[in-house]
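Hi everyone, thanks for making the time. I'd like to walk you through one model today, going from its sheets to its ligand site. Have a look at the screen first.

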Amino acid sequence: MPAMRILSRPLLAFSRASSFFSRSLASLAVLEASAPSYNVISAAAKVGGPLTVLLAGSSAATAADAVSKVEGVSKVIIAANHAYDHGLAENFAPLIVENVKAGDFTHVFAPASAFGKNVLPRAAALLDSQQISDITEVTSEDTFVRPIYAGNVILTVKSSDFIKLITVRTSAFPEPTVGSGKASIESAVDPNAPATAAFVSEDLTVSERPDLGSAKKVVSGGRGLKDKENFDKVMYPLADALGAAVGASRAAVDSGFADNSLQVGQTGKVVAPDLYVAVGISGAIQHLAGMKDSKTIVAINKDADAPIFEVADIGLVADLFEAVPELTEKVKN
Ligand SMILES: Cc1cc2nc3c(=O)[nH]c(=O)nc-3n(C[C@H](O)[C@H](O)[C@H](O)COP(=O)(O)OP(=O)(O)OC[C@H]3O[C@@H](n4cnc5c(N)ncnc54)[C@H](O)[C@@H]3O)c2cc1C
């Protein structure tokens, strides 16, 4: 038996390689039906060839109407089955695999969000392909750019895999034009694979503020705020005055000033808003990894040597307890 296994791999590789050259490019973008990130479509469109979007779950049909109008989408396929509502990798991965086979897709894209990071590695394993994670650029159909070591090294990866499975850092790609597209909507292949895990419940922080991951403005607080009471008293009025989402450093989260879902950085969310205001944050590399691509960075810190000033476009060396309330009043007026 072991001898057969050794023989079968090169044969498989040969048949895949020979048919690879005759294959035309075709991409599948797997989006979350409850919150589809259109930026993934912009990344996938760079590969060329027709682009199909896969949506699954109870809200797939509603989401499909909107996605079909996005420029660059050729077709939307839907699996309107509530079994996919919570993005469980156990049944979502077989759904992706069956549709990849049915559509003979060369590329599969998903957002590098909790959803994509959950479902795509399992689909990649089932397809015997090495996933390319968190890309920020598409150089060609087989070459992609991705940051590693908290963004301190930028890696260019060339993949020879038969099917390329890729997660996309959505903040690195623009929103596509919506409205002019006329994609067809069809049913996806639904293997109805059994899930070995069951969704039990979720405990979400409900907020009326802009979503941290997609907000155009973010104000983030750090350990300099000293405690939760100060964090709430100083950061939220500034956020309200600017119409911004609130973020936090890991030190602030670990000290209980802010909820875990607000953490920005290597082990938190990666954001790239038009405006990022860092208040009482020193600028550790792990924090910078989550915000340094913001268009305009404003830093308020009492230490003129704080590393945050190295990435800031506008820096204010001041006591935050005086500067921020004054700034909030000025913005309000
Ligand atoms: C594996 C790993 C992953 C990590 N992931 C993350 C991550 O995702 N996100 C993240 O943020 N960190 C992360 N960290 C932690 C990171 O290394 C830093 O410890 C953290 O970012 C520091 O947070 P801070 O800037 O709020 O606190 P500090 O470094 O303590 O800085 C506080 C700042 O506030 C200023 N300050 C104090 N009082 C005032 C005042 N009155 N007015 C104005 N300024 C004032 C000080 O001058 C100082 O610069 C990670 C670390 C590791 C090892």
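Let me start with a definition: two strands pair if DSSP finds at least two bridges between them. Strands here are DSSP runs of E with at least two residues, helices are runs of H or I with at least four residues, and both are numbered from the N terminus. Before we go on, please keep in mind that this is a predicted model, where local features need pLDDT of at least 70 and side-chain atom pairs count only at pLDDT 80 or more, while totals for chains, interfaces and linings use all residues. Residues are numbered from 1 along each chain as its sequence is written, and side-chain values use heavy atoms, with hydrogens and water left out.

Okay, the three-stranded sheet. Its 3 strands come in the order β6-β7-β8, making an open sheet with antiparallel pairing. At the edges we find β6 (137-140) and β8 (153-158), each of which pairs on one side only. From one strand to the next, the twist averages 30°; for angles like this, axes are lines fitted to C-alpha atoms, for helices over the stretch in contact, and the angles run from 0 to 180 degrees between N-to-C directions.

Staying with β6, its antiparallel partner is β7 (residues 143-148), and 3 bridges join the two. If you want one to click on, glutamate 137 has valine 145 in β7 as its bridge partner. Valine 138 also sits in β6. Is valine 138 buried or exposed? Valine 138 counts as buried because its relative accessibility is 12%, and buried means under 20% relative accessible area, with exposed being over 50% and partly exposed in between (1.4 Å probe, protein chains only). Valine 138 and phenylalanine 173 are 35 residues apart in sequence, and their C-alpha atoms are 9.9 Å apart in space.

A quick stop at histidine 107, which belongs to strand β4 (residues 107-111). Histidine 107 counts as buried, because its relative accessibility is 1%. The side chains of histidine 107 and threonine 106 are joined by a polar contact of 2.8 Å. By polar contact I mean a pair of N or O atoms within 3.5 Å; within protein, one must be able to donate a hydrogen and the other to accept it, and residues adjacent in sequence count only if both atoms are side-chain atoms.

Now to the five-stranded sheet. Here 5 strands in the order β12-β11-β13-β14-β15 form an open sheet, and the pairing is parallel. The edges are β12 and β15 (314-317), each with a single partner strand, so one side of each has no neighbour in the sheet. The twist in this sheet averages 15° from one strand to the next.

Let's follow β11 (residues 217-221), a mostly covered strand with 4 of its 5 residues buried. Towards β12 (residues 245-248), β11 runs parallel and is joined by 4 bridges. Serine 220 stands opposite glycine 247 there, and glycine 221 is opposite alanine 248. Towards β13 (residues 275-279), β11 pairs in the parallel sense over 5 bridges. In that pairing, valine 218 has tyrosine 276 as bridge partner, while serine 220 stands opposite alanine 278.

As for β13, 4 of its 5 residues are buried, so to speak mostly covered. Strand β14 (residues 296-301) pairs with β13 over 5 bridges, again in the parallel sense.

Which residues come nearest to the ligand? Of the 26 residues around it, they are Arg223, Ser249, Thr267, Ser282 and Asn301, where near means that a heavy atom of the residue lies within 4 Å. The shell divides into 7 nonpolar, 13 polar and 6 charged residues. In this count Ala, Val, Leu, Ile, Met, Phe, Trp, Tyr, Cys and Pro are nonpolar, Asp, Glu, Lys and Arg are charged, and the others, Gly among them, are polar.

A polar backbone atom of glycine 268 is 3.4 Å from an oxygen atom of the ligand. A ligand nitrogen lies 3.1 Å from a backbone N or O atom of lysine 302.
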